[in-house]
Amino acid sequence: MTGLYIHIPFCRKKCLYCHFASGIPYDEERASHYIDLLLHEARLYQEAHGPLAFHTLYLGGGTPSLLSPSLLSRLLEGISSLFTLETRERTIEVNPEDVTKANLSLWKSLGFDRLSLGFQSLQPELLRFLSRPLFDADKTYTMAKEAGFSRLSVDFIVGIPQLDVFSLLSWIEKHRPPHLSLYLLSCEEGSTIAGLAKRGTFQTPDPDFQAQQYLDLAMKLSRFYEWYEISNFSLGKENRAIHNSLYWAYEPYIGLGIGASGFLSWQSFRYTNTVNLLLYEEAIKANRFPYGFQETIDTKTAMMEKLMLGLRTSNGIALNTIREWIGNKEESLLFTTIQSLSSYCSIDQQKLILTPKGRLVANTIITEIWRTIEKILGENI
Ligand code: SF4
């Protein structure tokens, strides 16, 4: 399968915690020009790679739900004329304030079958703190459901001392969204909150507290949900995010728009577009790909990425895959490492997986396992 991601960087205003390529004020003319650039970029891929077929489409941002009906229709028509869209899933990220009857029927008419609802919080005081508009979560969710969107996903930010965990869980139990994404509040470089933390006007939540709150929530949700990826929960396998699962399964995807990433597996090539709108425009107008970063993936990097991405998910990574890399001569070294990390990872049905506790410190554990694999590989790679 191959995925297509399109980045829409416009927002009503920049949220406190956001570090994405986003927050550009929406203006119909500016957005229309950006759609032209996106379609031009899509044409560059069509010219370079021939007729491409995509199995998933993901419109993310930013706030794609801000796009007017005419711009969104023009984007979809343009993309459909350049590529074959044999989509098994079409997702659009939606901010709650854009959930109206008119928009819901527009998104449906354009073939979107999955809405990713950016609720972030149910608590007015937290929404104010995060600089997000207030909204009625029951009404918004019900409207989307009644409009016929059965594959709804809801995003929440957690890891906040003031989070009312009980109310959040009650809301989730009441509505049982088929898919949930839970993210920890973080102070990433480039966000307003990181600036506040540096100046000492915001106290960054204690990481141990955050990990514990996340784990408690995840364990409670696991009564109904499958915790199938570090930040994602689904009601059964059929509600897993197909597009995002492509990333974790090391399948190819193309990203269009500022800050978008792509992985052309057939060329072992990975890229991230520039986040600078002016540089993006300059490159596109000169018929150049607007890469801000690019790399050719060698065999060793591919192994490391497969390990890292696989271990993020409940599928883990097959022991046979690791054996293909290292041979079975020195696998005892690998098993010694796994044994020493037994609270954080385990072997289940011939697969290496992270335990719930391991998922909260995934980067550290994956690095430890990768170091052992590298040691075994030695100079042989
Ligand atoms: S969190 Fe979403 S709405 Fe807020 S600035 Fe970032 S992309 Fe825009």
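Two residues are in contact here if their C-beta atoms, placed from the backbone, lie within 7 Å. Helices (H or I, at least four residues) and strands (E, at least two) are DSSP runs, numbered from the N terminus. The model is predicted: local features need pLDDT of at least 70, side-chain atom pairs count only at pLDDT 80 or more, and totals for chains, interfaces and linings use all residues. Residues are numbered from 1 along each chain as its sequence is written.

The protein contains 15 helices and 17 strands. Its C-alpha trace spans about 60 × 50 × 45 Å along the principal axes. For 381 residues a compact globule would have a radius of gyration near 21 Å, and the protein agrees because its value is 21 Å. That radius is taken over C-alpha atoms, and the globule rule is 2.2 Å times the number of residues to the power 0.38. Of the contacts between residues at least 6 apart in sequence, 70% join residues at least 24 apart.

A residue is called buried if 20 or more other C-beta atoms lie within 10 Å of its own, exposed if 12 or fewer, and partly exposed in between, with C-beta atoms placed from the backbone. Buried residues make up 35% of the 381 residues. In soluble globular proteins, nonpolar side chains tend to be buried together. A nonpolar core is a set of buried Ala, Val, Leu, Ile, Met, Phe, Trp, Tyr and Cys residues joined through C-beta atoms within 7 Å. The largest such core has 60 residues, and those with the most contacts inside it are Leu4, Ile6, Leu115, Leu117 and Ala144. Apart from that core lies another, of 15 residues, including Ile326, Cys345, Leu352 and Ile373. Leucine 4, leaving aside neighbours within four places in sequence, is in contact with Phe54, Thr56, Leu57, Phe83, Tyr253 and Ile254.

Ala144, named above for its contacts in the core, belongs to helix H5 (residues 137-146), where Thr140, Tyr141 and Ala144 are buried. These three cover an arc of only 95° around the axis, so they are on the same side of H5. The arc is that of the directions from the helix axis to the C-beta atoms. An α-helix has 3.6 residues a turn, so residues three or four places apart point the same way. The face of H5 turned away from the buried side carries the exposed residues Asp138, Lys139 and Glu146. The cover over the buried residues of H5 includes helix H3 (101-109), strand S6 (114-120), strand S7 (151-158) and helix H6 (165-175). Just after H5, glycine 148 has a positive phi of about 100°.

Helix H3 can be read in the same way. Its buried residues are Asn103, Leu104 and Trp107. They cover an arc of only 100° around the axis, which puts them on the same side of H3. Exposed Lys101, Ala102 and Ser109 are on the face of H3 turned away from the buried side. The buried residues of H3 pack against strand S5 (84-94) and H5. Glycine 111 follows H3 with a positive phi, near 90°.

The ligand has around it Cys11, Lys14, Cys15, Cys18, Phe20, Ser22, Gly23, Gly61, Gly62, Thr63, Asn95 and Gly118. A residue counts as near a molecule if its C-beta atom, placed from the backbone, lies within 6 Å of it. By class, this shell has four nonpolar, seven polar and one charged residues. Ala, Val, Leu, Ile, Met, Phe, Trp, Tyr, Cys and Pro count as nonpolar, Asp, Glu, Lys and Arg as charged, and the others, Gly among them, as polar.

Some backbone geometry remains. Most residues other than glycine have a negative phi, and most peptide bonds are trans. The peptide bond from glycine 61 to glycine 62 is cis, with omega near 20°. Glycine 62 lies in the loop between strand S4 (53-61) and helix H2 (69-82). Tyrosine 250 has a positive phi, near 65°, and is in the loop between helix H9 (242-248) and strand S11 (253-256). Tyrosine 250 counts as partly exposed because it has 13 C-beta neighbours inside 10 Å. Glutamine 350 also has a positive phi, near 65°, in the loop between strand S16 (345-348) and strand S17 (351-354). Glutamine 350 is exposed, because 10 other C-beta atoms lie within 10 Å.
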